[in-house]
Amino acid sequence: MWEQYVLYSITSLGFVEQSFDALVDGITEVGWAARGGGLTGSFVAAFAQSSVGDTSPNVQGAFCLDTGLPCEVSSSTCNGRNEMCHGRGPAWPDDTASTAAIAALQADKAQQLWAAPGSEVSGPIDFRHTYVNMSDVVVRASRWTRAGATCAPAMGFSFAAGTTDGPGAFDFTQGDTTGNPFWNLVRDLLSPPSPQQQACHAPKPILLNTGYIKQPYPWQPDVTEVSVMRLGNFVIVGVPGEFTTMAGRRMRAAVAATIGDAWGAGLTVVLSGLSGTYSSYVATWEEYQVQRYEGASTLYGPHTLDAYMQTVLELVQAMLSGQPVTSSVVPPDLLSQQIGLLGPVVMDAVPRGAAFGDVVLAPLPAYSAGQLAQAVVRSGCPRNNLRRGGTFLAVQVRWGGTFLAVQVRRGGTFLAVQVRRGGTFLAVQVLGPGGGWSDVAGDDDWATHLHWGRHWKLSTQSFAIVRWQIPADTPEGEYRLVHYGDAKTLPWATPQPFQGSSSSFTVTRNASLLRRLLAAAAPSGDPHAAAELQRDALCQFVDSTLSQRLHEDVVAGAGNSSWARVPEFQRLQRLQQAAVLQRLGCSAQ
């Protein structure tokens, strides 16, 4: 997703996980079958980060947004400006589709690995863990490391340039090894780096001397942690940062060579990045000299990777000799010092005569699979209830009066779902054979979106747009959109839950309409009747397509001004639709 995408969303790896879990559990479709097929999943796959600090899903390369030409390679700029240089994903300019495409590639590879012959992991289980003061490590020369020392944390100028996945601002560029007098002045107002600090970090020009900024608490850690875990001949190295691809290769090679054949044949070493704490990026010595984004974001100077490798190899040697490891340092506990700059929710309100959960704009009466269904509901601030501790998604389908639940994934973030207990911000529901409504999608589903907002910043009135991009495999039936929320009606009141349900609408398959068109076009004994049938089918298709498009225009138009103008926008919609149908010789359906 581009940085302009402001919705909480599952990542491409989250999408892969959903697909792969369904595959292993024997659910052959990610769509309806995975959500409501009545199968209870028992397999959970984890897709963890490794050494991907310098990889990108923007596989088409980086191009200038203004000219469309490739960016200047060494600095990732367009006419000297980094803001205009942006990477393109496989489905550019649709970043959501690009995310799905990247996820599909990873899911395909995961399925190939799962289906391929493998060897059983067996043998002893062991681990070593240690904290390390990365601001003060003396690195010894070895086959794997250069002699040197680490520094207190600092960020370089090219850090502020960002990357082609998300460019920075102002006049920063990647590959900057000289700095800028103006930004040096700004830096010195926060914390001027000493000559020793600058020499330690060279050739990085220091933009933020973070190791010496301690208010309101340390900006970046001095003490980090590393670990080595053994499961037979499978070894996981836990590192607290984003290692570049080459940094990861060197770490794995050093660990494998140190172990040798001590733990049996077929040794596999993997890196688990972002483990324990976060210490920004870790580049190789050579990458550090170039000072692109990753090198400028390597906190502890050019010997950062060497220090991590030396510490990890000491843990491996301790495991090989059966010796325990103790930490001489521990990180500070800063929980009691945390501050928050986001104030509490003051209150929520609705217009006189209205209620929370009222549907301001209902969906259309009918959609085809593949179209976008949406409704607008009067809402309260989502921060009234962050809904932690539930499941991300619970799918409920009613067959013969029995509810079967598939809990796909558990967790605890902003999008956590507690089904029927106020734990999801939205749900897509289908009318089951027994007449009751059952959930088929929640707010973690790839096909759903929840847009919450106010028409002006200080307003107490808010709205939620519930959107469902109807999957192609959705069965025909009757559906509705539901929004769950909490509203705080007075500054001192406890937020109370509410629910808003749209009117129902039908979903049909595109194939159904296509069959009707083909049938209408088929030869008939009455040519005039066949022509009439063909014209009627075409008019219905145009009417449905216009309704979908103009309904989206109503949501966009009223969303940018006021929901009180919905009737006005709908009247204009009907006039536009009638005019188009009249030009085609059709009557409004």
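The charged end of Arg146 sits over the ring of Trp285, 4.0 Å from its centre; this label requires NZ of Lys or CZ of Arg within 6 Å of the ring centre and within 35 degrees of the ring normal. Arg88 likewise lies over the face of Phe63, at 4.3 Å from the ring centre. The model is predicted: local features need pLDDT of at least 70, side-chain atom pairs count only at pLDDT 80 or more, and totals for chains, interfaces and linings use all residues. Residues are numbered from 1 along each chain as its sequence is written, and side-chain values use heavy atoms, with hydrogens and water left out.

**Aromatic pairs**
- The structure holds 12 aromatic pairs, where rings of Phe, Tyr and Trp (its six-membered ring) pair if their centres lie within 6.5 Å; planes under 30 degrees apart count as stacked, over 60 as edge-to-face and the rest as tilted.
- One of them is the stacked pair of Phe159 and Tyr293, with 6.4 Å centre to centre and 25° between the planes.
- Another, formed by Trp468 and Tyr479, is tilted, with 5.2 Å centre to centre and 45° between the planes.
- Trp468 belongs to strand S23 (residues 462–469) and Tyr479 to strand S24 (residues 477–487), so this pair ties together parts that are 11 residues apart in sequence; strands (E, at least two residues) are DSSP runs, as are helices (H or I, at least four), numbered from the N terminus.

**Aromatic cluster**
- Phe157, Phe170, Phe172, Phe182 and Trp183 form one aromatic cluster.

**Burial**
- Trp468 and Tyr479 are both buried, a term for under 20% relative accessible area, with exposed over 50% and partly exposed in between (1.4 Å probe, protein chains only).
- Phe159 is partly exposed at 27% relative accessible area, whereas Tyr293 is buried at 14%.
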